[in-house]
Amino acid sequence: MRCCPSLAALALIALSVLPAAAQTAPGKPNVLLIIADDMGLDASRCYNVGKDQAPMPVLETLCGQGMVFDSAYAAPTCSPTRATIMTGKYGFRTGVGAAITQKGGAGLSVNETSLFDVLSGNGYAGAVIGKWHLAGAEDGLDHPAQLGVTGYYGTYKGAVRDYSHWDGVENGKVIEVDGYATTVFTDRAIGWIAAQQAPWFLWLAYNAPHAPFHLPPADLHSATGLVDDAGEIRRNPLPYYNAMLEAMDTEIGRLLASMPAGVRANTVVVFIGDNGTPGKVAGGLYGARGAKGGIFEGGTHVPLIIQGPGVTAGRSDALVNSTDLFATIAALSGGHPQTPDAVDLAPAFGGGSTARQHVYIEHFSNIPPAGPDVYGWAIRDARYKLVAVQDMPQMLFDLDADPLEQTDLLSGDVSSEAKAAAEALQAAYEQIRR
């Protein structure tokens with residue numbers, strides 16, 4: 001059995017190996033992209049949203065030493081977010097607008113130029129470890145390889161039935177694994193990084209804290225009084241969700257601590273949630289607007305933290321789309337591919353502004369939804385957000401005054417300011433969709 005340091009010790013280890021904010025290292029930086037599955041803004045203590053959040057000391061250390069983005073947005077569900085990062089394109093250009101199912105149909109087209117295509121052309125080794133969820137039933141098991149991923153290991157579908165006994169794919173072949181998924185992915189990440197000689201990019205996509213909610217191994221979290229009982233978990237899922245987050249944080253700390261000092265000093269860490277927190281653990285924070293699956297703030301406003309060489313400590317109010325990670329990571333590798341939807345975030349690493357003026361959000365599918373998903377689109381600027389839910393009148397929110405979107409400014413008497421804001425955002429939407 002693997003011996004694990006205490007949570008406090010891990011936090012101290014992680015802190016000790018993090019370089020100073022302004023430290024740089026020679027050569028191209030390594031890039032570690034960590035994706036948390038179903039973790040909205042409200043699930044992190046790095047943000048002043050929500051309550052009863054999990055202790056995540058390693059992530060909180062990254063927040064303290066890196067740049068915390070306060071206005072980062074993803075799609076309402078996992079597949080479209082992953083597709084935007086992989087291509088730098090909005091979903092209406094790739095066709096991936098909702099969670100991909102295995103019941104028929106295809107996933108992300110292999111004709112897209114992927115982030116891995118760009119990075120390999122710049123001399124980077126690359127791999128994906130963890131959740132894929134970009135392939136449909138028609139794509140086969142070599143879908144990652146067809147998108148330029150030379151090494152893939154993980155859970156191929158949207159979720160696992162059991163975190164400790166799961167099936168996945170390794171380089172085109174089905175595997176059956178007995179082992180806690182969060183730990184197994186971390187073990188694989190540690191081994192892969194240790195074997196690299198060239199600059200590397202690792203896409204580490206944990207399936208935590210996605211359902212099924214459960215009680216993680218005791219050495220990975222500090223929660224007490226929880227019982228491994230399905231009925232109790234259904235009645236009170238939040239403590240188990242938080243324990244899953246803390247377990248993931250513990251394993252991130254182990255991964256960071258495993259890197260030699262020189263490797264860690266030359267590694268940019270990017271942490272993002274792929275969509276909002278599930279409604280059953282969001283605690284009613286967003287009211288009728290809902291959480292995961294909706295195009296409102298609760299479904300799309302996600303944590304984004306970037307830490308590493310060239311990134312100063314602080315907070316940024318720069319608008320961020322998940323597409324922007326494509327341009328940002330490509331630029332870190334020395335490439336500057338052109339896409340209409342992605343902006344390099346590098347100017348914000350020092351506290352400056354970027355070229356992005358609007359965040360665009362969309363959710364669409366030709367398959368009837370299996371759950372309470374909200375289809376439509378939304379667009380925001382630095383203050384206002386226009387929301388167009390399918391088959392409903394448009395809504396406008398002042399996010400400065402109303403960050404949880406409780407008051408629709410297009411309902412009732414509409415002020416001239418609200419009308420002007422809505423018209424400007426509508427025009428921006430039409431420009432994007434040209």
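# Terms and values in a predicted model

Colleague: Why is D52 called exposed?

Modeller: D52 has a relative accessible area of 52%, and exposed means over 50%, with buried being under 20% and partly exposed in between (1.4 Å probe, protein chains only), so D52 counts as exposed. This is a predicted model, in which local features need pLDDT of at least 70 and side-chain atom pairs count only at pLDDT 80 or more, while totals for chains, interfaces and linings use all residues. Residues are numbered from 1 along each chain as its sequence is written, and side-chain values use heavy atoms, with hydrogens and water left out.

Colleague: Where does D52 lie, and what is its phi?

Modeller: D52 is in the loop between strand 1 and helix 2, where helices (H or I, at least four residues) and strands (E, at least two) are DSSP runs, numbered from the N terminus. The phi of D52 is positive, about 55°, although this residue is not a glycine. E405 also has a positive phi of about 55° without being a glycine, and it belongs to the loop between strand 14 (395-398) and helix 14 (416-432). E405 has a relative accessibility of 0%, and therefore counts as buried.

Colleague: Why is G130 called buried, and which residues does it touch?

Modeller: The relative accessible area of G130 is 0%, which is why it is called buried. G130 is placed in strand 3 (residues 125-130), and, not counting residues up to four places away in sequence, it touches Y152, Y153, G154, T155, F185 and A205, contact meaning heavy atoms within 4.5 Å. One of these partners, T155, is 25 residues from G130 in sequence, but their C-alpha atoms are 5.7 Å apart in space.

Colleague: Why does S333 count as buried?

Modeller: S333 counts as buried because its relative accessibility is 1%. S333 is in the loop between helix 13 (324-332) and strand 11, and, leaving aside its neighbours within four places in sequence, its contacts are K28, L119, N122 and Y124.

Colleague: What makes the pair R315 and D70 a salt bridge?

Modeller: Their side chains meet at 2.7 Å, N to O, and a salt bridge is a side-chain nitrogen of Lys or Arg within 4 Å of a carboxyl oxygen of Asp or Glu, so the pair qualifies. It links distant parts of the chain, with R315 in strand 10 (residues 314-321) and D70 in strand 2 (residues 67-73), 245 residues apart. R315 counts as partly exposed because its relative accessibility is 47%, and D70, with a relative accessible area of 26%, is partly exposed.

Colleague: How many salt bridges are there by this rule, and which residues are linked in a network?

Modeller: The count comes to 17, and a network of salt bridges links D37, R82, K131 and D274. The side chains of R82 and D37 meet at 3.7 Å, N to O; R82 belongs to helix 3 and D37 to the loop between strand 1 (30-36) and helix 2, 45 residues apart. Both R82 and D37 are buried. Another salt bridge joins E232 and R235, with the closest N and O atoms 3.3 Å apart, and here both residues are in helix 8 (residues 230-235), 3 residues apart, about one turn of the helix.

Colleague: What is the angle at which helix 2 and helix 9 pack?

Modeller: Helix 2 (residues 57-65) and helix 9 (residues 238-258) pack at about 60°, with their axes 7 Å apart, where axes are lines fitted to C-alpha atoms over the stretch in contact, and angles run from 0 to 180 degrees between N-to-C directions. On the side of helix 2 the meeting residues are P57, V58, L59 and L62, and on the side of helix 9 they are D249, I252, G253 and L256.

Colleague: What is the omega of the cis peptide bond from A208 to P209?

Modeller: Omega is near 0° for this bond, and the peptide bond from A211 to P212 is cis as well, with omega near 10°. P209 lies in the loop between strand 7 (200-205) and helix 8, and P212 is found in the loop between strand 7 and helix 8 too.
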